[in-house]
Amino acid sequence: MAPESAPGADPLDALAPRLPSPLQEVEDERFARRGVRLLLKRDDLIHPALAGNKWRKLAPNLRAVAETGHRTLLTFGGAYSNHLRATAAAGRLLGLRTVGVVRGHELAGRPLNPSLARCAEDGMLLHFVPRSVYRRRAEPAFHQELHRRFGRCAVVPEGGSNAAAVRGCVLLGEELRGRTDVAAVACGTGGTLAGMAAGLRAGQRGLGVPVLKGGFLGGEVRALQRAAFGGPRGDWRLEERFHEGGYAKVSARLADFAEDFSARHELPPLETVYVAKLLLALTTLTEEGAFTPGSTVTAVVTGPSWSPIR
Ligand SMILES: *Cc1c(COP(=O)(O)O)cnc(C)c1O
């Protein structure tokens with residue numbers, strides 16, 4: 001491992017990512033029947049502790065923190081946030097102090113769930129706040145309160161989706177240039193889609209599958225692209241039919257689909273908050289004839305199934 005302080009060394013060398021992530025073809029008769037090739041972009045293999053899009057989104061923020069000399073990174077998340085987990089792991093690996101502002105004051109007195117326990121083991125200081133306070137997570141006045149309490153620190157927004165994170169996901173799109181017609185990704189905040197779409201070449205399409213109910217994500221992705229690039233980038237659209245009831249909800253059809261898909265292709269169990277919904281969407285769309293015969297569709301596997309437990 002490169003010493004952290006070696007002159008000219010990338011401060012993120014300690015994270016040693018596997019990039020570009022592997023691209024794997026899967027033979028699935030539901031796609032073959034329609035003349036569609038299915039590829040998996042295995043971002044879940046980028047790093048054992050900061051898997052998937054969380055590596056891509058955190059890396060530019062970590063680099064900025066290292067360059068500004070901040071030694072503390074503060075961020076926000078729910079009780080099962082993969083982003084909190086990834087931030088805590090990065091802090092341990094890079095020797096940075098991390099603070100997680102967690103939604104839900106009632107969690108403070110209770111034993112930690114496995115995801116938060118992992119954050120704490122990685123050295124993250126957990127600060128539980130009531131939902132009414134958590135709602136202020138983007139307000140400068142609240143950040144000032146947090147600075148007073150925790151000292152000078154770099155603040156990364158919920159889900160890690162700021163302009164730097166979006167720019168960090170451009171490389172995902174670039175890694176897929178010339179490899180696919182459609183690049184599809186499950187969306188929480190939409191930051192990964194916003195960046196990936198910007199990295200694709202003309203003629204390639206980005207497809208986002210929101211895992212939250214509500215139909216608000218299009219505006220968010222456009223706002224993230226404005227913040228990161230100054231305006232819209234790439235050709236992308238959203239497919240809103242596959243949230244399966246909302247965030248972290250697992251419908252019966254989703255559970256059955258996920259189990260069958262991993263068994264069919266001898267894959268580890270699918271991550272069900274995001275990845276299984278994406279693959280269910282692509283399989284259904286293919287069966288509906290949404291993709292031109294002869295085309296290639298790539299599903300970005302944004303995280304491993306062991307998230308958020310380990
Ligand atoms: C966080 C996360 C996402 C969502 O990424 P956004 O950039 O917020 O849209 C997708 N998949 C997995 C596995 C995640 O952990």
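1. A16 sits in the segment before β1 (helices, H or I of at least four residues, and strands, E of at least two, are DSSP runs numbered from the N terminus). Its phi is near 35°, a positive value in a residue other than glycine.

2. A word on the model before going further. This is a predicted model, in which local features need pLDDT of at least 70 and side-chain atom pairs count only at pLDDT 80 or more, while totals for chains, interfaces and linings use all residues. Residues are numbered from 1 along each chain as its sequence is written, and side-chain values use heavy atoms, with hydrogens and water left out.

3. Two further backbone details deserve a look. The peptide bond from L19 to P20 is cis, with omega near -5°, and P20 belongs to the segment before β1 (23-26). E244 has a phi near 55°, again a positive value in a residue other than glycine. E244 is placed in the loop between β9 (236-238) and α11 (252-264), and with a relative accessible area of 13% this residue is buried.

4. Now the ligand. Its shell consists of 14 residues, the closest being K54, K57, T189, T192 and T302 (a residue is near a molecule or strand if one of its heavy atoms lies within 4 Å of it). By class, the shell has 3 nonpolar, 9 polar and 2 charged residues (Ala, Val, Leu, Ile, Met, Phe, Trp, Tyr, Cys and Pro count as nonpolar, Asp, Glu, Lys and Arg as charged, and the others, Gly among them, as polar).

5. Which elements build that shell? At least two residues each come from α2 (53-68), β7 (182-187) and α9 (191-199). The largest share, 3 residues, is supplied by α2.

6. A side-chain N or O atom of N53 is 2.9 Å from a ligand oxygen. For G188, a polar backbone atom is 2.8 Å from an oxygen of the ligand, and for T189 a polar side-chain atom lies 2.6 Å from a ligand oxygen. Of the 390 Å² of accessible area that the ligand has on its own, the protein covers 97% (areas come from the Shrake-Rupley method with a 1.4 Å probe; for residues, only the protein chains shown count as cover).

7. UniProt, in an unreviewed entry, lists K54 for "modified residue: N6-(pyridoxal phosphate)lysine" (UniProt positions follow the numbering used here, feature names are shortened, and annotations may be inferred rather than shown by experiment). K54 lies in helix α2 and, at 13% relative accessibility, counts as buried. Leaving aside neighbours within four places in sequence, K54 is in contact with N82, H83 and A86 (contact means heavy atoms within 4.5 Å).

8. The backbone nitrogen of H83 lies 3.2 Å from a polar side-chain atom of S81. S81 is found in the loop between β3 (72-77) and α3 (82-94), and is buried with a relative accessible area of 12%. P157 and H83 are 74 residues apart in sequence, yet their C-alpha atoms are 9.9 Å apart in space. P157 touches T75, F76, H83 and N162, not counting residues up to four places away in sequence. P157 lies in the loop between β6 (154-156) and α7 (163-168) and is partly exposed, at 28%.

9. Helix α12 (residues 275-287) holds T283. T283 is buried, with a relative accessible area of 4%. Apart from neighbours within four places in sequence, T283 contacts R30, F31 and F257.

10. Last, the annotated domain. The unreviewed UniProt entry places "domain: Tryptophan synthase beta chain-like PALP" at residues 22-206. In the model, the end C-alpha atoms of residues 22-206 lie 19 Å apart, and the span is 42% helix and 21% strand.

How values were computed. Polar contact = N/O pair within 3.5 Å; in protein donor to acceptor, adjacent residues only side chain to side chain. Buried < 20%, exposed > 50% of the residue type's maximum accessible area, 1.4 Å probe, protein only.
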